[in-house]
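This report covers pockets and backbone angles in one model.

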Amino acid sequence: MKEPIPAVWEGLPVVDAARMRALDLAATETHGIKALDLMENAGKAVAAECAAFLAGMRGVVVCCGRGANGGDGLVAARILQEGGASVSVFICPPKSDASGQYPEPVAVNLAKAKAAGVKVTTAGSGAGLAQALAACDLAIDALLGTGATGKPAGAIHHMIRELTASKKPVIAVDIPSGIHPDTGYHSGVFVSAAMTLTLGLPKRGLLAAHAKPHVGVLKVLDIGYPKALLK
């Protein structure tokens, strides 16, 4: 018999990806909170937890997707760099659509990270993620968030494989990439994290018994959602 997923965890309601998307939309459209502000809050909270985990060590590699999860990772990278860490970012190239650009909040934080001295490499450009991981003390998984669907492919697939092969401790932002936010299952391509820093509210899939070995220590970070929405 499967262990049921709780409806409440540490006093907070447990949500699925659809409910989380609705909360994000309500935060920005009803409460007027800017996406950039939520991203800044998330990145700051992630950076604080990562700095505590590092405990004086300096080398950090951040693997970033092209969406909001990657933007959170870019903010964390900038703040860790400003705090004295040596940070390298490997980011997926933007979508090959008509714009050929990152979403605005991601583009803004990419520029800020570069200005802060973070070394940024576009994944798939031939530069060595494996070598950077071999030399680092901590890796941050900011590849895929709750909006991701299907089996990870392309540059994201490659980075997940490199993270796994490195055997370095990984802290996941929101969810470990490749783990389904609602079910906790995976397609065979996924990150196994030492710690997962989920944003705002706990996600159903993270509390599934079969997902716990890949979630690691689970913490919920306050990133500034109005309390009325969280209830």
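Where is the place of lysine 167? Lysine 167 sits in the loop between helix H6 (154–166) and strand S7 (170–173); helices (H or I, at least four residues) and strands (E, at least two) are DSSP runs, numbered from the N terminus. This is a predicted model, in which local features need pLDDT of at least 70 and side-chain atom pairs count only at pLDDT 80 or more, while totals for chains, interfaces and linings use all residues. Residues are numbered from 1 along each chain as its sequence is written, and side-chain values use heavy atoms, with hydrogens and water left out.

Phi of lysine 167 is positive, near 60°, in a residue other than glycine. Aspartate 174, in the loop between S7 and strand S8 (195–199), is not a glycine either and has a positive phi of about 75°. Lysine 167 is exposed at 74% relative accessible area, whereas aspartate 174 is buried at 8% (buried is under 20%, exposed over 50%, with a 1.4 Å probe and protein chains only).

A pocket is an open set of points on a 1 Å grid over the protein atoms alone, where a 1.4 Å probe fits, with protein on both sides within 12 Å along at least five of seven lines; lining residues have an atom within 4 Å of a point. A volume is the space filled by probe spheres set on the points.

| Pocket | Volume |
|---|---|
| Largest pocket | about 820 Å³ |
| Second largest pocket | about 180 Å³ |

The largest pocket has 36 lining residues, with Gly67, Ala68, Asn69, Gly145 and Gly147 nearest its centre. H1 gives the most to this lining, five residues.
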